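Subject: Model for your review

Hello,

Please find the model below, with its sequence. My notes come after it.

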Amino acid sequence: MSPSLIPEHRSLLMRANRLLGAHLVEANLVKIENLEAANERLLELISSGDYRKGSVLSILAFELQVLKECDALQYAMDEHGVGLVDLRSYDVPEELRSTVDLGACWATWSLPFDREEDVYFVATAYYLSPAVRTYWEKQLGGPVVWFGTTQEMLSEYLEKMEESRAAGGAPAPTST
């Protein structure tokens, strides 16, 4: 059973999807009528309570099949200089793994996956949503290097993080 959507995450999810959809239309990656249909479906999914399914990108790509996720990633690479990351064999440092807000990760389809001094590395399927970038830059409070990744990779990684937290309970404090 999926965790419930708290109001802060619901608002974030709605903003992230709205601005992603607008950017996809502006970039001529989808037509406005396809976005409108995806937004209607998004509201249905969110009302069911499972916000993990609350993704306009997923609806456009997999349900309506009017966009390929790889085209959105390619656009982010070409137009915004975003690199790509494969999270399948990546081990997120314990500091981030134990403290990151998983609800915000699901709402934004993003994951802070590393930190080097004050610079954070964030993997996202939603780079094209300014709401996502603004949220994480504010939350992390330092410079962010953005990487694109697929929703499938993010979903698998976030599910593993949730399982790990559930199995281990609260993370033990670390000594320095």
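Predicted model: local features only at pLDDT ≥ 70, side-chain atom pairs only at ≥ 80, totals over all residues.

Residues are numbered from 1 along each chain as its sequence is written, and side-chain values use heavy atoms, with hydrogens and water left out.

Buried here means under 20% relative accessible area, exposed over 50%, and partly exposed in between, with a 1.4 Å probe and protein chains only. Beyond four places in sequence, the contacts (heavy atoms within 4.5 Å) of Phe-113 include Val-85, Leu-87, Phe-121 and Phe-147.

Thr-149. This residue sits in the loop between β4 (144-148) and α8 (151-168); helices (H or I, at least four residues) and strands (E, at least two) are DSSP runs numbered from the N terminus. Thr-149 counts as buried because its relative accessibility is 2%. A polar atom of its side chain lies 3.0 Å from the backbone oxygen of Val-85. Among its other contacts beyond four places in sequence are Glu-69, Leu-73 and Leu-87.

The largest pocket has a volume of about 150 Å³. A pocket is an open set of points on a 1 Å grid over the protein atoms alone, where a 1.4 Å probe fits, with protein on both sides within 12 Å along at least five of seven lines; lining residues have an atom within 4 Å of a point. The volume is the space filled by probe spheres set on the points, which are joined across faces, edges and corners. α5 (94-99), β2 (110-116) and α7 (130-140) each supply at least two lining residues. Among the lining residues are Glu-95, Arg-115 and Trp-136.

Helix α3 (residues 56-63). Its buried residues are Val-56, Leu-57, Ile-59, Leu-60 and Ala-61, and they pack against α1 (7-26), α2 (32-47), α4 (69-80) and α8.

Positive phi. Most residues other than glycine have a negative phi. Gln-65, in the loop between α3 and α4, has a positive phi near 50 degrees and is exposed at 63% relative accessibility. Asn-28, in the loop between α1 and α2, has a positive phi of about 60 degrees and is exposed at 68%.

Regards

Terms used
Polar contact = N/O pair within 3.5 Å; in protein donor to acceptor, adjacent residues only side chain to side chain.
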